[in-house]
Amino acid sequence: MSALDEVVRLLEALSLADDPKKYLLDLKTLMSSLDPNQQLKLLRGTELNILFDSLNSSDGEQVELCVDVLNYLLPLISSQEAVERFGDQLLRGLGHPNENVRHLAIKQVLQCAESENGMVTLITQHSLLLAVINSLGDSSHSIVKLAINALVALCGQQTGLNAVFSNECITNLQNIMAKSDSARFNVYECIVKISLLGDMALGMVSNSGLLDRLTAEVTTGDVLTQLNALELLIPLGKSHSGMKHLLEGGVISKLQYLLSLAETDPMAAMLMPGLVKFFGNMGQCRPQQMVDEFSSVMLMILHLASGTMDLGDPILQIVAIETVAHIGATAEGKLALGKFKTEMDEVLDMLGTKIRMAPSDQRVRVLEALSQLFFLNMEDHTEELLQLLELWWAGVGGVSLEKVIAVARQPFTDLHCAALELLNSLASMPWGQRLIFSEPGLIEYILDRSTESVKEGMESKWNIVGTLVKSHTSAFPYPEGYVGKLTKYYNEGPFFVEACMEVAVEGEQ
């Protein structure tokens, strides 16, 4: 009897078995021995309901074996065919008490939703669509993520969008939100991702009333709820249509008001990390708008970063510093920050103080912030920006290149790599290259592979060398001989090791 015939026999025996586990184990073993063509032939010509029926058991081992066999078979056909043939079984699977069964079912649904024809198939099976929505309330985080991805994929097409935001489905979403705080925020996460698909999707989400419920969470409820809601609003604030919606809905005005209360209201002060992060992301996407329309917010963030506004939370200051760096990560953001000269001078002076005196974990975060502020892409090398950054470097209080090198030589990987990353940013500009080559022993240190013993350090040094090689221009001619050395190092890659040759000396024992 061939292996294929044996599989068919086992499936027939399975339907009559009092103890299916032995047959399922044999099936699992045999399935792995079949080539894909044999497996596909089996799948096309055999009724598999018995396998799905075997999932309906309180015996965990039996269920797991059945899932293993189905994981061999289902990938052999298109997800659309799987939903068409086994829609009822997948529907039962989405409500199964075993997480692996639910995972198997939602994975098939997601793959179906991601294809145009499959999407049509899925929305015609209304009960299955409702079950996917119910999966937003699942106790398993991974299943929730797959359900969100499936619904977002469906909403990528107008017909799918209409189906997901039908009255019945909206009611279902509202019922899921009533189950628990985590389920409510799962729904919020889903509708935010759908909103980002385009104006049509945003309009549909807005008309459902669910987006208004999310924005209301920012100003009501406990602090943790407000912070979670703020986190979900960040992607909306970064998109043009989402930002317009938040502005027109008065949400941005409310957030500004909360920010203004921080110095006098302890509860509002607890929201500061989320508020600062929200406006920081907004500032990175549209820095000019922050300068023109939200200058008071920019000033507050800069004052927090410099310490001229002290709310008694040193970590909040680090968050503000990272927010300033996030805004200044782009050329437009650097120019926007440059308009706040006095405040930026104070921030830079504080960054220097932090590098010299702060605990190690804060020093790492400050060095990473400086790396963002001082990195400049070649296409952004304008005289205005190069001069601005050179002035900023002079204003980093009490920190010279020698100090950065001293940090880079420390045996702590996070500090070491953060300092090397700052050197990499400086290496992106002619004046930074001039500093690097004029600092005694620095270029030799960069070219010395023996100082690096961990992967992160090797990659960091190689990145510096790559930046120097790629940005080498006549704006700062490198000293003679170094272009070749740098190019050789870069071409050899980050993990190159010099071969050691042992030479036997005659007469040596």
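Entry 1, cysteines. I took a disulfide to be a pair of cysteine sulfur atoms within 2.5 Å. By that rule I counted 0 disulfides. Cysteine 155 is in no disulfide, and its nearest cysteine sulfur, on cysteine 190, is 6.9 Å away. I also looked up burial, where buried means under 20% relative accessible area, exposed over 50%, and partly exposed in between, with a 1.4 Å probe and protein chains only. Cysteine 155 counts as buried because its relative accessibility is 4%. Cysteine 66 is buried too, at 0% relative accessible area.

Residues are numbered from 1 along each chain as its sequence is written, and side-chain values use heavy atoms, with hydrogens and water left out.

I checked pLDDT, the predictor's confidence in each residue from 0 to 100. The chain averages 90, and 95% of the residues score at least 70. Where pLDDT is low, the predicted coordinates should not be read in detail.

I found 33 helices and 0 strands, using DSSP runs numbered from the N terminus (helices are H or I, at least four residues; strands are E, at least two). The radius of gyration is 30 Å, well over the 23 Å that the globule rule gives for 509 residues, so the chain is more spread out than a compact globule. That radius is taken over C-alpha atoms, and the rule is 2.2 Å times the number of residues to the power 0.38. The C-alpha trace spans about 85 × 85 × 40 Å along its principal axes. Of the 509 residues, 51% count as buried.

Rings of Phe, Tyr and Trp (its six-membered ring) pair if their centres lie within 6.5 Å; planes under 30 degrees apart are stacked, over 60 edge-to-face, and the rest tilted. I got 9 aromatic pairs. One of them joins phenylalanine 52 and phenylalanine 86, with centres 5.1 Å apart and planes at 35 degrees, so this pair is tilted. Phenylalanine 52 is in helix α4 (residues 49-53) and phenylalanine 86 in helix α6 (residues 79-94), so the pair ties together parts 34 residues apart in sequence. Both of these phenylalanines are buried. Phenylalanine 437 and tyrosine 482 form an edge-to-face pair, 5.7 Å centre to centre with 65 degrees between the planes. Ring pairs also link Phe278, Phe279 and Phe294 into a cluster.

Which helix holds leucine 214? I found leucine 214 in helix α15 (residues 210-217), and leucine 214 is buried at a relative accessible area of 0%. Leaving aside neighbours within four places in sequence, leucine 214 is in contact with Tyr188, Val192, Ala229, Leu232 and Leu233.

Asparagine 281 lies in helix α20 (residues 272-285) and counts as buried at 8% relative accessibility. Not counting residues up to four places away in sequence, asparagine 281 touches Ile234, Lys238 and His326.

Notes:
Predicted model: local features only at pLDDT ≥ 70, side-chain atom pairs only at ≥ 80, totals over all residues. Contact = heavy atoms within 4.5 Å.
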